[in-house]
Amino acid sequence: MPRVTVITGYHNRAPVVDRTLSSILAQTHADLELVVFDDASTDGTLAAIERFAAERNDDRLTIRVHRTNQGFVSGLIQAIDATDSEFIAIQGSGDTSLSTRIERQLALLDARPEVGAVGSWYYNVIEGEGIRRLRKPD
């Protein structure tokens, strides 16, 4: 079992599948699995996920399909229940992670065992409007 399971869920987000999944499979920390769930999309999202998986042919990628819409949180819970990884990372559909995200987060968790969850700064991008704002959560 890989050390980290990255979970991302989609509902009608076909245009953003490639960039999100590519950013996870390009992580410098390669001991991970990527669990992708399609939450009963009707816009071709599942076909986009399956096409991506076929093109990449990466055995770290697992696809879960919900025939009825479960909602993002329920989908996460189901995916978490299906893994035995030491750590779970959540990736928003449409989000792009820097290639060192998982490596850096694991380094912090390893160095500070009292820490139970990590996050990161992020850019909020409003596509089509040219807006890009850096967000720095506490």
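The legends below describe close-up views of a predicted model.

Residues are numbered from 1 along each chain as its sequence is written, and side-chain values use heavy atoms, with hydrogens and water left out. Because the model is predicted, local features need pLDDT of at least 70 and side-chain atom pairs count only at pLDDT 80 or more, while totals for chains, interfaces and linings use all residues.

**View 1. The open sheet has four strands in the order β3-β2-β1-β4.** The pairing in this sheet is parallel; two strands pair if DSSP finds at least two bridges between them. Strands (E, at least two residues) and helices (H or I, at least four) are DSSP runs, numbered from the N terminus. β3 (61–66) and β4 are the edge strands, each pairing on one side only. From one strand to the next, the twist averages 25 degrees.

**View 2. Strand β1 pairs with β4.** Four bridges join β1 (residues 4–10) to β4 in the parallel sense. Opposite V6 stands A89 in β4.

**View 3. Helices α2 and α3 lie across strands of the sheet.** Helix α2 (residues 45–56) lies across β1, β2 (32–39) and β3, and runs at about 160 degrees to β3. Helix α3 (residues 72–81) lies across β1, β2, β3 and β4, at about 140 degrees to β2. Axes are lines fitted to C-alpha atoms, for helices over the stretch in contact (heavy atoms within 4.5 Å); angles run from 0 to 180 degrees between N-to-C directions.

**View 4. The largest pocket holds about 1000 Å³ of space.** Among its 27 lining residues, T96, S120, W121, Y122 and Y123 are the closest to the centre. α4 (101–111), β5 (122–126) and β6 (131–135) are the elements that give two or more residues to this lining. A pocket is an open set of points, on a 1 Å grid over the protein atoms alone, where a 1.4 Å probe fits, with protein on both sides within 12 Å along at least five of seven lines; lining residues have an atom within 4 Å of a point. Grid points are joined across faces, edges and corners, and a volume is the space filled by probe spheres set on the points.

**View 5. The second largest pocket holds about 230 Å³ of space.** Of the 13 residues that line the second largest pocket, I88, A89, Q105, L109 and V118 lie nearest its centre. The elements giving two or more residues to the lining are β4 (87–90) and α4. The largest share, five residues, comes from α4.
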